[in-house]
Amino acid sequence: MPKFFLQSGAILGFLGVALGAFGAHAFRAMLELSKRSDTFETAVKYQFYHALALVAIGILLQLPATSAVSAKYYSWAGYAYLSGVLIFSGSLYTICFTGITKFGAVAPIGGLLMLAGWALLLVGGLKS
């Protein structure tokens, strides 16, 4: 499990940096023309923040002092972060590249999953 979250965080972090660079350079004109630069930047930011959180989850799960109960909550937090990024940032990227704004309706689901991840991390910390 720790390896999965570390790898997921590393992949999301890598893609976040790459997408941020493409957004600032290769996609810049398209994003400005469609007035989606802010939307794209929000997607990249949230992806990157939660990539770091996934790496932290992977590290927490490897600590010898982490109890089985805390590990359960940390794992749930990791899955919530990962699902949240895929849904939240994914829907925003989809809006930016397709112009189909109806994908904005699913973004809050991803946001709620990210919030749940932070709450689960807190509970895991309280249970340790």
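Tutor: Accessible areas here come from the Shrake-Rupley method with a 1.4 Å probe. Keep in mind that this is a predicted model.

Student: OK, how much accessible surface does the chain have, roughly?

Tutor: About 7,200 Å². Carbon and sulfur atoms account for 72% of that.

Student: And what share of the residues is buried?

Tutor: The chain has 128 residues, and 36% of them are buried.

Student: How many helices and strands are there?

Tutor: Five helices and zero strands. The C-alpha atoms fill a box of roughly 50 × 25 × 15 Å along the principal axes.

Student: Let's take α1. How far does it reach?

Tutor: Helix α1 covers residues 2-24. From first C-alpha to last it reaches 33 Å, close to the 33 Å expected.

Student: Which residues of α1 are buried?

Tutor: F5, S8, G9, L12, G13, G16 and G23.

Student: What do those pack against?

Tutor: The buried residues of α1 pack against α2 (28-33), α3 (37-60) and α4.

Student: New topic. Where does UniProt put transmembrane regions?

Tutor: The unreviewed entry lists residues 47-66, 78-100 and 106-126. In this model, residues 47-66 are 70% helix. Residues 106-126 are 95% helix, with end C-alpha atoms 31 Å apart.

Student: Which residues make the nonpolar surface patch?

Tutor: I100, F103, V106 and I109, with about 310 Å². F103 sits in the loop between α4 (68-98) and α5 (107-127).

Student: Why does F103 count as partly exposed?

Tutor: Because its relative accessibility is 35%. Buried means under 20% and exposed means over 50%, so partly exposed is in between.

Terms used. Residues numbered from 1 in each chain as written. Predicted model: local features only at pLDDT ≥ 70, side-chain atom pairs only at ≥ 80, totals over all residues. Heavy atoms only, no water. UniProt positions renumbered as here; feature names shortened; annotations may be inferred. Helix = DSSP H or I, 4+ residues; strand = E, 2+ residues; numbered from the N terminus. Patch = residues over 30% accessible without salt bridge, like charges linked within 9 Å, V, L, I, M, F, W, Y side chains within 5 Å. Salt bridge = Lys/Arg side-chain N within 4 Å of Asp/Glu carboxyl O. Buried < 20%, exposed > 50% of the residue type's maximum accessible area, 1.4 Å probe, protein only. Expected span 1.5 Å × (residues − 1). Contact = heavy atoms within 4.5 Å.
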